[in-house]
Amino acid sequence: MTLAVYTLILQAAQRIATIDKFPSLMCALRPIHLLLTIVLSTAMVTFYLLHRPRTVYLVDYACYTTREIRRSPKASFLEHMHISTSFSDSTINFIERVLELSGMGEETWVTSAFAYIEPYCSLDDGRADAELVIFSTIDDLLAKTGINLDVIDVLITNSSTFCPVPSNADRIMNRYRLRGDIRVINLSGMGCSAGVTAVGLAQNILQDLPSGSHALVVSTESLGQNYYTGNRRSMQLVNILFRMGGSAMLLSTCKLKARFKLAHVERTIFNEDDGAYRCVYEEEDSEGNRGFALSKDLMAIARDALKANITAIAPLVLPTSELIKYILFYVATKVLHGKKIKPYVPDFTMAFEHFCIHVGGPAVISSVQLGLGLTDEHVEPSRMTLHRFGNQSSASVWYELAYIEAKGRMQKGDRVWMIGFGAGYKCNTAVWVCTRPSVDANGPWASCIHRYPVNV
């Protein structure tokens, strides 16, 4: 027998002896050691379960609808402009041209202030208009969900231009007698992207509350007190394009009865750039008339904001094949910086089935469509919402979602990309995944969906 073989036999014998001693080694462990091991393992599992990000769901949503008395045909709108003593002939001609190219139809809604030849809106009138939209929309949502008001743990409202004291959120608390210990937040001055901001804020707050908590989010705008009566063209666009509307959403960390899952929220802010910060700006003209000025650089700034948002959200939503192409083109532009290389635009139709693009106007929708390479069908909900309801600020994306559902296009598992632009300057986006399609088309489109789409 060689030395090598003898060594192998000796090592095998030692291993067998160790295995034989294993039960005795286990018995040598004191019970306290086993108890500590079990307690530590349980604590680690419990800590993970308590602190892992909770999925947030959309239980349901509702959009404001009103009677025909609030309708504002273009002819009536222009007639009031001609009769008014506030506007010059050149301003009226400008309004007429923009209105003709606005993409809006004859059934958009306006606040009560626009019923006067010289629009007038007192503080009480502004409150009444806001309450009409907010309360009727919340009532519709409560009827849809059948939820008990006592289970609401968070209330978030957003209205950029109408910010009374007490706030809109306080008025809701008072009207519905909500619990006094809920989290209440009232957002203002954040523009048309504030609805997505509010959803993201609700998502963050729900992470710190017990599982199954609920958040009520209300988005609206009341422009009666902010009607511009001057002749500066950049400040007339808000009068022309913005209309009455609102939405209410119920979010929860409970999956039961939920209709959509919130997959991602991404916020992009360009406030370090003075041009972007002032591109949507409340100010007074040379005659002291207060209003909102829209910069001529708005479209370029919105394009840059969307690009930055895409850079942040693309790795989270795009399939691997599109990510590889995107990365290769990005590296090529850095390596071959001396040569012009057309930037690669990922195919976002591989990541989303539906798109809800802010209805800032035909130019905004067309710019996003061109930039993302979308088809006319992809932007149909945006164009039809602009035609039927006008620009309803932060609530408009929910009218677009309602359009998709009213058309019966939403299927379980479909992904929706909401894109909002707002003052500051911001581009905020949210990604939803459908978990339970709507069983009916009741909503803001119920009386007119059979007439859409239309040519615009």
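Contact here means heavy atoms within 4.5 Å. The model shown in every view is predicted.

**View 1. Asp129 and its contacts.** Leaving aside neighbours within four places in sequence, Asp129 is in contact with Arg70, Thr111, Ser112, Ala113, Ser222 and Met244. Asp129 belongs to helix H5, which covers residues 123-145. Its relative accessibility is 3%, so Asp129 counts as buried. One of these contacts is polar: the side chains of Asp129 and Ser112 meet at 3.1 Å.

**View 2. Ser393 in the loop between H13 and H14.** The loop between H13 and H14 holds Ser393. With a relative accessible area of 2%, Ser393 is buried. Residues up to four places away in sequence are not counted; beyond them, Ser393 touches Gly191, Cys192, Glu221, Phe242 and His358. The side chains of Ser393 and Glu221 are joined by a polar contact of 3.2 Å. Gly103 gives a reference point: Ser393 and Gly103 are 290 residues apart in sequence, and their C-alpha atoms are 16 Å apart in space.

**View 3. The aromatic pair of Tyr61 and Trp398.** The structure has 17 aromatic pairs. In this one, the ring centres of Tyr61 and Trp398 are 5.5 Å apart and the planes stand at 45 degrees, so the pair is tilted. Tyr61 is in strand S1 (residues 56-63) and Trp398 is in helix H14 (residues 396-406), so the pair ties together parts 337 residues apart in sequence. Both partners are buried: Tyr61 has 3% relative accessibility, and Trp398 has a relative accessible area of 2%.

**View 4. The aromatic pair of Phe389 and Trp445.** Phe389 and Trp445 pair edge-to-face, at 5.0 Å centre to centre and with 90 degrees between the planes. This pair also links distant parts of the chain. Phe389 sits in helix H13 (residues 376-389), while Trp445 sits in the segment after strand S11 (426-434), 56 residues apart. Phe389 counts as buried at 1% relative accessibility. Trp445 is buried too, with a relative accessible area of 1%. The two rings belong to one aromatic cluster, together with Tyr64, Trp109, Tyr399, Tyr403 and Tyr452.

**View 5. Charges over tyrosine rings.** Lys144 lies over the face of Tyr61, 5.3 Å from the ring centre. Tyr61 is the ring that forms a tilted pair with Trp398. Arg278 lies over the face of Tyr281, at 3.9 Å from the ring centre.

View 6. Thr111, Ser222 and Met244 are among the contacts of Asp129. Glu221 and Phe242 are among the residues that Ser393 touches. Trp109 is one of the members of the aromatic cluster.

**View 7. The largest pocket.** The largest pocket has a volume of about 960 Å³. Its lining comprises 42 residues. Of these, Val238, Phe242, Val280, Leu294 and Leu298 lie nearest the pocket centre. Which helices and strands each supply at least two residues of the pocket lining? The helices are H8 (237-241), H10 (298-317) and H12 (362-372). The strands are S7 (280-284), S8 (290-294) and S10 (415-422).

Note on methods
Residues are numbered from 1 along each chain as its sequence is written. This is a predicted model: local features need pLDDT of at least 70, side-chain atom pairs count only at pLDDT 80 or more; totals for chains, interfaces and linings use all residues. Side-chain values use heavy atoms; hydrogens and water are left out. Rings of Phe, Tyr and Trp (its six-membered ring) pair if their centres lie within 6.5 Å; planes under 30 degrees apart count as stacked, over 60 as edge-to-face and the rest as tilted. Helices (H or I, at least four residues) and strands (E, at least two) are DSSP runs, numbered from the N terminus. Buried means under 20% relative accessible area, exposed over 50%, partly exposed in between (1.4 Å probe, protein chains only). A charge sits over a ring if NZ of Lys or CZ of Arg is within 6 Å of the ring centre and within 35 degrees of the ring normal. A polar contact is a pair of N or O atoms within 3.5 Å; within protein, one must be able to donate a hydrogen and the other to accept it, and residues adjacent in sequence count only if both atoms are side-chain atoms. On a 1 Å grid over the protein atoms alone, a cavity is a set of points where a 1.4 Å probe fits but cannot get out, and a pocket is an open set with protein on both sides within 12 Å along at least five of seven lines; lining residues have an atom within 4 Å of a point. Grid points are joined across faces, edges and corners, and a volume is the space filled by probe spheres set on the points.
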